[in-house]
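Please keep the sequence and the structure in view while reading.

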Amino acid sequence: MLKNDEWLNNKHIGPLISIIKRSQTIYLNHNLQDYNLGNGQAFILRKLYSCSQDNKINQDFFVKHFQIDKASIARSIKKLEERNYIERKIDPNNRRQYLISLTDEGKNIAEEIKRYEEEWENYIYEKYPNEKEVLLNNLKEMAILSLELIEKQEEKNE
């Protein structure tokens with residue numbers, strides 16, 4: 001057990017989710033340090049790997065998906081392109097947009113990231129094997145409600 005675990009007795013969900021997310025980030029960063037990837041870069045690679053048949057997505061997708069500003073996404077994508085993990089091509093349907101896809105090297109790294117994510121999740125769920133789906137569904141619903149609240153707030157401010 002962790003030393004001085006009183007801080008885990010928090011009755012609010014935000015700090016607990018933050019601890020879980022931060023610990024996953026630390027775990028992934030430790031295991032991916034040979035690739036010199038930042039957390040955002042790793043998630044871009046994983047998302048490209050998992051969400052598209054031909055693995056071509058435009059930058060705006062990442063802005064919406066990660067709720068991160070365009071400049072941060074652009075910096076991450078530039079670094080990934082410099083390392084030859086992704087390539088960008090002009091979208092034939094919108095010449096102002098770039099379609100982003102994984103290179104073979106990027107696919108290999110994305111598979112490593114996936115393996116480490118699964119390893120981390122398996123460890124986390126080890127005590128609750130029968131409750132995994134319920135927990136995931138509850139967290140998904142909470143995420144949806146949280147995003148809806150942000151949308152309502154933004155609509156109110158317009």
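Predicted model: local features only at pLDDT ≥ 70, side-chain atom pairs only at ≥ 80, totals over all residues.

## The nonpolar core

The largest nonpolar core has 22 residues, and those touching the most other members are Leu 37, Leu 45, Leu 48, Phe 62 and Ile 86. A nonpolar core here is a set of buried Ala, Val, Leu, Ile, Met, Phe, Trp, Tyr and Cys residues joined through side-chain atoms within 4.5 Å, where buried means under 20% relative accessible area, exposed means over 50%, and partly exposed lies in between (1.4 Å probe, protein chains only). At least two residues of this core come from each of helix H2 (39-51), H3, helix H4 (70-82), strand E3 (94-102) and H5, and H2 gives the most, with 5 residues. The helices (H or I, at least four residues) and strands (E, at least two) are DSSP runs, numbered from the N terminus. In soluble globular proteins, nonpolar side chains tend to be buried together.

Leu 37 shows what such a position touches: not counting residues up to four places away in sequence, its contacts (heavy atoms within 4.5 Å) are Asn 29, Leu 32, Ala 42, Leu 45, Leu 80, Arg 83, Tyr 85, Ile 109 and Ile 113.

Residues are numbered from 1 along each chain as its sequence is written, and side-chain values use heavy atoms, with hydrogens and water left out.

The predictor's confidence in each residue, called pLDDT, runs from 0 to 100; its mean for the protein chain is 86, and 92% of the residues reach 70 or more. Confidence is lowest in helix H3 (residues 59-66), at a mean of 80, and highest in helix H5 (residues 104-125), at 94.

Axes are lines fitted to C-alpha atoms, for helices over the stretch in contact, and angles run from 0 to 180 degrees between N-to-C directions; under 35 degrees counts as roughly parallel, over 145 as roughly antiparallel, 65 to 115 as roughly perpendicular and the rest as oblique. On the H2 side the contact is made by Gln 41, Ile 44 and Leu 45, and on the H4 side by Ile 73, Ser 76, Ile 77, Lys 79 and Leu 80.

H2 also packs with H5, at an angle of about 100° and with the axes 9 Å apart, which makes H2 roughly perpendicular to H5. Here Ala 42, Phe 43, Leu 45, Arg 46 and Tyr 49 of H2 meet residues of H5 including Ile 109, Ala 110 and Ile 113.

## Single residues to look for

Gln 59, found in helix H3, is buried, with a relative accessible area of 17%. Gln 24 lies in helix H1 and counts as buried at 9% relative accessibility; leaving out residues up to four places away in sequence, Gln 24 touches Phe 43, Glu 117 and Trp 120.

Most residues other than glycine have a negative phi. Asn 36, however, has a positive phi near 55°; this residue is in the loop between helix H1 (13-31) and H2 and counts as exposed at 51% relative accessibility. Asn 84 likewise has a positive phi, near 65°, and sits in the loop between H4 and strand E2 (86-91), where Asn 84 is partly exposed at 43%.
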